[in-house]
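Q: Could you take a close look at one helix crossing for me, and then at some contacts elsewhere in the assembly? I would like the cut-offs spelled out along the way.

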8 protein chains.
Amino acid sequence: MGPEELRKLLEGVQTEQISVDRALEQLRRLPYEDLGYAKIDHHRHLRKGFPEVIYCQGKTVDQVAQIFHRLCQASQGNILGTRATEEMFGAAKELVPEAEYDPTARMILRRSDSTPRRGMVCVCSAGTADLPVAEEAALTCELMGNRVERIYDTGVAGIHRILDQTEKLARANVVIVVAGMEGALPSVVGGLVDKPVIAVPTSVGYGASFNGLAALLGMLNSCASGVTVVNIDNGFGAGYAAGLINKLAGDKQ
Amino acid sequence: MGPEELRKLLEGVQTEQISVDRALEQLRRLPYEDLGYAKIDHHRHLRKGFPEVIYCQGKTVDQVAQIFHRLCQASQGNILGTRATEEMFGAAKELVPEAEYDPTARMILRRSDSTPRRGMVCVCSAGTADLPVAEEAALTCELMGNRVERIYDTGVAGIHRILDQTEKLARANVVIVVAGMEGALPSVVGGLVDKPVIAVPTSVGYGASFNGLAALLGMLNSCASGVTVVNIDNGFGAGYAAGLINKLAGDKQ
Amino acid sequence: MGPEELRKLLEGVQTEQISVDRALEQLRRLPYEDLGYAKIDHHRHLRKGFPEVIYCQGKTVDQVAQIFHRLCQASQGNILGTRATEEMFGAAKELVPEAEYDPTARMILRRSDSTPRRGMVCVCSAGTADLPVAEEAALTCELMGNRVERIYDTGVAGIHRILDQTEKLARANVVIVVAGMEGALPSVVGGLVDKPVIAVPTSVGYGASFNGLAALLGMLNSCASGVTVVNIDNGFGAGYAAGLINKLAGDKQ
Amino acid sequence: MGPEELRKLLEGVQTEQISVDRALEQLRRLPYEDLGYAKIDHHRHLRKGFPEVIYCQGKTVDQVAQIFHRLCQASQGNILGTRATEEMFGAAKELVPEAEYDPTARMILRRSDSTPRRGMVCVCSAGTADLPVAEEAALTCELMGNRVERIYDTGVAGIHRILDQTEKLARANVVIVVAGMEGALPSVVGGLVDKPVIAVPTSVGYGASFNGLAALLGMLNSCASGVTVVNIDNGFGAGYAAGLINKLAGDKQ
Amino acid sequence: MGPEELRKLLEGVQTEQISVDRALEQLRRLPYEDLGYAKIDHHRHLRKGFPEVIYCQGKTVDQVAQIFHRLCQASQGNILGTRATEEMFGAAKELVPEAEYDPTARMILRRSDSTPRRGMVCVCSAGTADLPVAEEAALTCELMGNRVERIYDTGVAGIHRILDQTEKLARANVVIVVAGMEGALPSVVGGLVDKPVIAVPTSVGYGASFNGLAALLGMLNSCASGVTVVNIDNGFGAGYAAGLINKLAGDKQ
Amino acid sequence: MGPEELRKLLEGVQTEQISVDRALEQLRRLPYEDLGYAKIDHHRHLRKGFPEVIYCQGKTVDQVAQIFHRLCQASQGNILGTRATEEMFGAAKELVPEAEYDPTARMILRRSDSTPRRGMVCVCSAGTADLPVAEEAALTCELMGNRVERIYDTGVAGIHRILDQTEKLARANVVIVVAGMEGALPSVVGGLVDKPVIAVPTSVGYGASFNGLAALLGMLNSCASGVTVVNIDNGFGAGYAAGLINKLAGDKQ
Amino acid sequence: MGPEELRKLLEGVQTEQISVDRALEQLRRLPYEDLGYAKIDHHRHLRKGFPEVIYCQGKTVDQVAQIFHRLCQASQGNILGTRATEEMFGAAKELVPEAEYDPTARMILRRSDSTPRRGMVCVCSAGTADLPVAEEAALTCELMGNRVERIYDTGVAGIHRILDQTEKLARANVVIVVAGMEGALPSVVGGLVDKPVIAVPTSVGYGASFNGLAALLGMLNSCASGVTVVNIDNGFGAGYAAGLINKLAGDKQ
Amino acid sequence: MGPEELRKLLEGVQTEQISVDRALEQLRRLPYEDLGYAKIDHHRHLRKGFPEVIYCQGKTVDQVAQIFHRLCQASQGNILGTRATEEMFGAAKELVPEAEYDPTARMILRRSDSTPRRGMVCVCSAGTADLPVAEEAALTCELMGNRVERIYDTGVAGIHRILDQTEKLARANVVIVVAGMEGALPSVVGGLVDKPVIAVPTSVGYGASFNGLAALLGMLNSCASGVTVVNIDNGFGAGYAAGLINKLAGDKQ
């Protein structure tokens, strides 16, 4: 239940269109709804400004479908499931026919087109193999109501590829930089812009990349100011944080 | 040379108060000034919106003093040296008499009072031993022109201490959370606010804290959305990023 | 052979209902029974108060079935096999028809209903994906004769979910807290109760969770007093230790 | 303020010996007292059954002395400061003349002799170099009102040294086992008793002990049931948890 | 070509039963035989006292079969292939019909019954899941001509199981101890005997066992004197080293 | 587009055989060609002396085929795809019929026979299981126009195998040494030659090899001068660097 | 009390030269003598063939001196204290005037010249900085009654230095190889001899040597058969194990 | 003894100016000279083209001075001691009065001005704190007879600082890149030049730099081709390898 719906509910009570009992029934679910294996946090939309997002990995196909269903019932906004398999999507679609699936970003989503896009988040990635994480970030941003500019495959070994994009970078309120291997791109981008940069290390690489550890450490030690870091492959987290920051900028761009 | 000074210089040329030759001389130093052992990036104020900051650790006392001196000469704004010893401060003060030292934050600074404070950054810390890092963050924020609210010693083992501060947290545009040991505070704070949270792990702890690794990993794996992370003990980095974010919010608070 | 059975045997000898030779034969198996690849420790029930538990992982299907069978023959109490596959259960059921399988906890068990439940152990988990470990802990507790209260999906990012359960927590003699990712829940719970807390890190997470390392380190560095930790995903170990502690409390609750 | 003092305060109000205003003044400090750099959690005695304990490492000498002083003023019970230097003790003693110092356990303490000792906690250590950690555990237990039996220098390479102590071990409600190097002692002890065992890895060792990591991992992987683990060198944590467990057993021994 | 065969060849030359040319042809292969992808070290039997052993893992099925074949042709002694799959065995058997396979130890072998067994090596293992490694060690020892005594499933949590075997242990010239999880058994055994102990950590365990790292570190930090360690799961290496040591003891037992 | 082709284009413009418009069209692709998911760096041949090489792992089959195709169209030189599966090769061959596949080195290649071979690079490997990495290095060298001498299966445990090759080693301008397990071969080779040695650790090994970490650390700590190191299993990187070095030597050998 | 002294005591009882009471008094100390902070294991000489050795690190100066004194009183054999400082030696010498100190090996010792030297142990080291560890090994061997041959500074980067020593190596019953940095020497030596090799990694090195980890991993992954490993810098452990092995060989050399 | 001196010696013998006996005496020292604690490898100049270099760390002051002295006596070329303290230099100067000390590079050296400089090695460093390592590399290069161009303080966060130096970089035969923190500079430089790049990670940084591990991993995972890596802080190794490469290029520049 989003803030708009809550306001309507209370106005309905005020105008006596909704009985106190019915309102109570709906409000009782407010803090969270207990499915036994999961407490769905319907309250989050109010508290955090965006509905709860389902992290699907580690949940059973059935659990994912049920939680997705309940969230869709309880809110009119965009609903997201990250790290979802095609099988999970299949099960969710049976309960929520308008559900969609993005195979690159591995996301289940129910879009609500009412959200206008604001500001500008720029998503850069270093290599082609970083695409799934970059798209998870970009799609999360878009579903939270942000305009997104994608700049892909601009690794530092061909530095002119990113230098050519300086103008685009300058227009963004916040830049997400996705990179595996040595994870050097955020330092270069961080030196070019005067906006916050969110660095996302990916597990792309082999050997001494240690599944993204090299990129993670590189980004944490960035010599560029204004760079903060999220977990390896955490495109969603970067997108979410970028969305919160872009929202602060309001309609400025 | 900050943007204001640059504008004045160009206006001086326009109005013929400054000769083209003298302007050229001053502009030649623009990109950077080479001291042999260091290239001072005077350009950074223009490019990044804040003068270069000296990371003093690993530099000799003399190098710190010289670089601090040159930066003070070239800019009217606030100048910062982080991780500075008292001895470095002593040498800097001889060249820049108005230099000050903050022993908790271990910073040398030359304050320029012209900067008005805007918005609100909240700096929380989990324990008393986290103070030096928290103060490094807070002071960096203030010198970049941000209003700062400090909430210290609010570790999660006494959860009511942070819950009592929910109202203050809600007023901030961005929250910095500093914690050592298990580093759990950012997750709790991240669940309470709908603003970006910057988590700073500290090396406070012993044994399996592995000099801050435990806190770092905890924060990277935070289950709260909107949390990004900087390097262990990197109060400056958190303060700088928070300043960039707060600036986006303009005068809103 | 449990303590009750041993007492009966000795009384049988005393009353001459059992010949010394037959008693000797039975007692000879006491210390352990050697299957070549395994020494079954029938003595453990006497020494530790609970029959040997089979850790099935790494054993062949046939070995699991044989050891389960022998333990069931030698004792009237509850018999447990942890980390068991369905295939292992199939083989065990052929030899022990009353065997049951719990697919969430991945346990084979032969229940003996004679055990009354005592005291109260509370099992909390942070997320839905932590269920298998939480259930392994809860089921172990129950089969050792403890009353169990389950509180699931109460991660710290929605802190009100756990604060709502303070009353339940207060009633327990010991609390087991199961969490993956940053593993912060035990610190919060440990700050709320004045009873021992056993923290179980899980391998739930990705990237810098390093298969549960982040949660493990977080729990070891907990700033809450009274928290002790078991191995990653070791629901059985937590359940067993909680059972020993709850037993000390006797019938108090 | 402990539960006994709180009861007296309320009875004083009831019998009108204490004015409501004076009571309010005292109760206002209840949740915590803010020293700026520290929030003293006077409430903890009520909530957790033992006053807040000062972890001195990382605090300044002055901070330690001030916090110790305030805790002593606010409570009649035993007050503890762990990981304290002699210098910290000196400063504390000036404010609290009855303060004592235990150089082996590195603890500052203010003893209140009113606490009777109950039950039995056994503290074993593997080697002579583990003594400081073992004594931190033992002293913590004693100050929380538990009887303590010490069994020191009983490493597994001379297994008869611990086997000789089986009887003593059997009398304890809970056993703390302190060991560095390979940390094998808790597994052996855990196999001998049917009580909870709390294992404390120490940083004693060199080379591949990696400052206690080897012992920590060994204890977490213990094949003995009923063993839980605390952080490397965390004698206080083990003592505190053991005290909570022993308290459950009441006067049984 | 073993030393016996070399002696015969030279005697054949001496007595003119073998032409110098034919002898040269055979001796030319002495240092090693180059298969392109592998240099077979036929010289090793002379230099090290045992023919080259094939480490099959990482080689193709065809490479294993060819190398096994060449070694069998060039020597009359026992020939060994470790870490072999059934498929590798199938291919080897086609070229060497008398080849055998031990599925527990995962070894291909061609036995030459001429080797008499000498001395005594004792192989202990902690748990049933350690069997494959223990058998790799035992079989290697036997094929090198050593008598072997197996003592399996004697983990330290039931310490009486190993104490019961003290007499057997005392008869061995060298003891191999195989253990996963916390790897504590070698310390206990090392304290009981006055002979060299070779510790073999196994990857048996989960979570913080980190695939055998916990056991490896435990064994390297053993407080018992006379314990040396081999790589995780390296049963062959332990068996080989034990064979060299037992050989030094000659026929003493 | 290689330097030769660029010269022809410009000469064509000079001689008016190519219109300025057509030249512009071709030059526009110079810096890179944007496929959306990838920016093909056609410029690299000019800048680095060798066309862009496709690192296939982590790309989809379709992406590999398309990028390979475009590179073949844009350049007449040798084109390489590393870490390619047979399936990727199949898709590439449909678009580029002259494509070949090397299953040991796991490379797709389009050979252009015009490149003469120069100088001498020696590729040594320690064991048979290191072949895929050694061949990746050797093939890369050859396709860059270098003569290659292979010396395989010469691990340090049979030191005479490498000492026998001293003469061959002495003829090389640069030596690549590929080794897994303890990675000691580069130190021995580095002590024998007065030429640069490039060490390639491989993931060959088990247990405490930690997927090549042991070999990597060994090589980084080599006591031999003149040894530099590349990532674990990075045969391509070693071959490429060796090619650059060998090129410096010109036709000297 | 060594086996010889025990025999004399019993013969004294048999011949009535020693009263039963006096014998009892002496035998009562047999298992161990409890100093409170340490249980001196006088029994070890009987059980393990060598008196208890004091690992001095982590003990106080006074504890070392007292334990050394008691061991000297209770046994006529050689007594050893390892990792001892000069200060510890000073305190020990006051109680045991015949005590000596070896500053390279950092050992306190009381020599008993009665032990004849037997067999041959060879101690090799890779570099000059490895000397303290090599000497700890050599001295331990000598005090246990073994003949020792030292071969120092023979690192693999100058392979001829060790190849020149092949003859000496061949005469030893067991070879100890001490090396830091990449730790490759044991693999080379292990390939040259047909005797057991004990590898001792040292913390000599910097950067990615990680205080001896690189050498440790290298040795554990040695491709040479017959190599076993002890802890980083554990010269004593290697010397002790070598002594046990050499003893098995009797007077053979 | 360098190759020139050896030639003179042999010519002296040929022309009978040097007696065979005297020549033998001198040649006997050729392979190495044994000081007991060190074997000085005088042969290395012949075998490797440069005299043995003393790695001073871990050697005693006296050992350093003696080895330095012997090397100076035996060769006319440049002699180097790395990681030397001022105290070591003092002792060396007493024996070799012409010895010099470079405090930034921490090197003792005896210069022989006869070496002409050839080719060009470029040494870049990222920050001022990387100077000691960069200077160790540069000085080593110069003493091996290479021309050196230094480009310091050009970290990637101000990317224009390195882009400005492209021309200088292009003139070098080989580029050494020294960087701490995230170690991203070698990737950027590697993308700009078509020459071999040797990357040197430094321990400059804090927190998650883990003493240079972050920079090391970053460099090993560089996405730029032609980059190889040496140990953390190993300026000498990089300089030596660069010297060997530059030598291959002959007088080309």
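A: The crossing of H6(G) and H11(G) is right-handed, a term for the near helix being turned clockwise from the far one by less than a right angle. In this predicted model, local features need pLDDT of at least 70 and side-chain atom pairs count only at pLDDT 80 or more, while totals for chains, interfaces and linings use all residues. Residues are numbered from 1 along each chain as its sequence is written, chains are lettered from A and ligands numbered from 1 in the order written, and side-chain values use heavy atoms, without hydrogens and water.

The axes of helix H6 (residues 131–143) of chain G and helix H11 (residues 235–248) of chain G come within 7 Å and cross at roughly 35°. Such axes are lines fitted to C-alpha atoms over the stretch in contact, with angles from 0 to 180 degrees between N-to-C directions; helices (H or I, at least four residues) and strands (E, at least two) are DSSP runs, numbered from the N terminus. On the H6(G) side, the residues in contact (heavy atoms within 4.5 Å) include G:Glu136 and G:Thr140, and H11(G) contributes G:Phe236 and G:Tyr240, among others. The contact divides into 6 nonpolar, 4 polar and 1 charged, with Ala, Val, Leu, Ile, Met, Phe, Trp, Tyr, Cys and Pro as nonpolar, Asp, Glu, Lys and Arg as charged, and the others, Gly among them, as polar.

Over in chain A, A:Glu136 forms a salt bridge with A:Arg83, their closest N and O atoms 3.7 Å apart; the rule asks for a Lys or Arg side-chain nitrogen within 4 Å of an Asp or Glu carboxyl oxygen. A:Glu136 lies in helix H6 of chain A and A:Arg83 in the loop between strand E4 and helix H5 of chain A, so the pair ties together parts 53 residues apart in sequence. Over all chains there are 59 salt bridges, yet the count between chain D and chain C is 0. H11(D) gives the most to the side of chain D that touches chain C, with 7 residues.
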